[in-house]
Amino acid sequence: MSAPGGDGTGRDAPDPRWWLYRGTGQPWHDTDLGELLPPPPPWRRFTGGPVVPPPPSDDEEIERRLGRMSASSTGSEQLRREVDLVNAALVLRRPLLVTGRPGTGKSSLAYRISRELRLGRVLRWHITSRTTLRSGLYEYDAIGRVQDSAALHTLHRSDGAAAGAVPPAADEERLPGIGDYLQLGPLGTALLPHELPRVLLVDELDKSDQDLANDLLSVFEEGQFPITELARARRLHPKVTVMTDDPGRSAEIVDGIVKCRAFPVVVITSNGEREFPPAFLRRCLRLRMPDPDRPQLVNMVLAHLQQAGAASPKATGAEELIDRFLRSSRERGGLAIDQLLNAVYVATSGSFPGDADALEDLVDALWHRLDGVGAESRAG
């Protein structure tokens with residue numbers, strides 16, 4: 001079965017063996033990634049199993065972030081570079097490190113990939129200064145298990161006082177299994193043995209502690225990790241069912257090890273607040289996300305206006321706002337896409353009661369500099 005044809009530019013379609021992801025904003029309908037994705041390089045081949053069921057879809061979240069589906073122009077060199085690097089990450093099974101100013105749509109790339117390649121719910125791991133590798137892999141509620149065990153022991157001891165002593169083993173048999181106290185995080189869920197790769201968004205890695213990037217190296221290289229609590233109990237419990245990051249989903253872990261089968265599509269975003277270790281950078285493909293140009297902004301606004309049931313950008317005057325936004329962005333050192341969407345929604349929804357001057361003042365306040373300067377309205 002052939003890949004979806006055409007690149008939207010009137011030129012011959014790219015070689016389907018390379019352009020799996022095309023950046024058009026349109027999902028595949030007649031095929032799936034498993035039919036077209038070439039085998040991994042020998043050094044990136046993983047053999048985890050047994051295969052877990054396909055992930056749930058999350059069309060509502062993807063639509064909330066991207067708007068309704070609308071074809072995007074694929075003619076720009078900027079977009080072509082993005083598409084080439086995404087496909088290189090797919091073929092080489094390598095993480096994609098996406099850098100750029102805040103608000104340029106770095107995180108949205110993960111959702112565009114998932115929508116177009118039909119890879120299901122995006123696993124989002126938001127990074128802070130307190131984030132550890134363990135929190136992305138799994139969480140174990142040891143305190144909850146101890147508390148439940150103590151509560152059961154107290155209950156059974158009081159209930160069995162008249163009937164004779166209750167053996168300690170009875171408490172253990174009534175206690176929920178260890179898997180009930182374990183939940184895989186976004187990274188851990190992405191490394192389950194799926195038949196097709198999951199999309200994992202590691203958002204704002206530059207906010208992390210300096211050691212996190214180095215800690216990720218072995219996980220990305222090995223494609224697996226141990227769950228210490230299950231590894232200790234593997235003789236008695238070689239197979240344990242645990243909760244995953246997908247709502248209402250669970251997975252069976254064998255011998256306390258999670259081992260991937262299809263290496264996930266890992267999109268790592270960074271605002272460039274600090275550099276990463278050379279060893280980490282060497283194992284990533286790097287994409288610099290520039291500011292979106294006018295056609296891209298029109299497409300984004302159109303997608304979200306359609307979602308809100310509004311008319312076209314031209315009919316509502318949104319195109320004039322886009323031109324003003326581009327000028328203001330240059331003057332103010334760069335603005336974020338969501339600032340434009342906020343202004344367009346206020347201006348076109350009919351909900352703002354003020355006159356044209358009041359609306360202009362509000363738009364100017366919405367388009368404050370990203371460093372916070374000028375956030376107050378001119379009337380203030």
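Predicted model: local features only at pLDDT ≥ 70, side-chain atom pairs only at ≥ 80, totals over all residues.
How much space lies in the largest pocket? The answer is about 1100 Å³, where a pocket, on a 1 Å grid over the protein atoms alone, is an open set of points where a 1.4 Å probe fits, with protein on both sides within 12 Å along at least five of seven lines, and where a volume is the space filled by probe spheres set on the points, which are joined across faces, edges and corners.

Residues are numbered from 1 along each chain as its sequence is written, and side-chain values use heavy atoms, with hydrogens and water left out.

Coming back to the largest pocket, 46 residues line it, and those closest to its centre are Gly105, Ser108, Arg112, Met300 and Ile337; a lining residue is one with an atom within 4 Å of a point. Two or more lining residues come from each of α2 (59-66), α3 (77-92), α4 (108-117), β2 (123-126), α12 (294-308) and α15 (337-348), and α12 gives the most, with 6 residues. Helices here are DSSP runs of H or I with at least four residues, strands are runs of E with at least two, and both are numbered from the N terminus. By class, this lining has 13 nonpolar, 20 polar and 13 charged residues, with Ala, Val, Leu, Ile, Met, Phe, Trp, Tyr, Cys and Pro counted as nonpolar, Asp, Glu, Lys and Arg as charged, and the others, Gly among them, as polar.

The second largest pocket holds about 340 Å³ of space, and of its 19 lining residues Leu37, Arg93, Glu195, Arg261 and Ala262 lie nearest its centre. Its lining has 13 nonpolar, 1 polar and 5 charged residues. Arg93, which sits in the loop between α3 and β1, has a positive phi of about 60° although it is not a glycine.

Let me turn to α3 and α4, whose axes come within 13 Å and cross at roughly 70°, the axes being lines fitted to C-alpha atoms over the stretch in contact, with angles from 0 to 180 degrees between N-to-C directions. The two helices are therefore roughly perpendicular to each other, a term that covers 65 to 115 degrees. Glu82, Val86 and Leu90 in α3 meet Leu109, Arg112, Ile113 and Leu117 in α4, where contact means heavy atoms within 4.5 Å.

Strand β5 (residues 199-203) is joined to the parallel strand β10 (residues 265-270) by 4 bridges, and Val199 has Val265 in β10 as its bridge partner.

Notes:
Parallel < 35°, antiparallel > 145°, perpendicular 65-115°, else oblique. Pairing = 2+ DSSP bridges.
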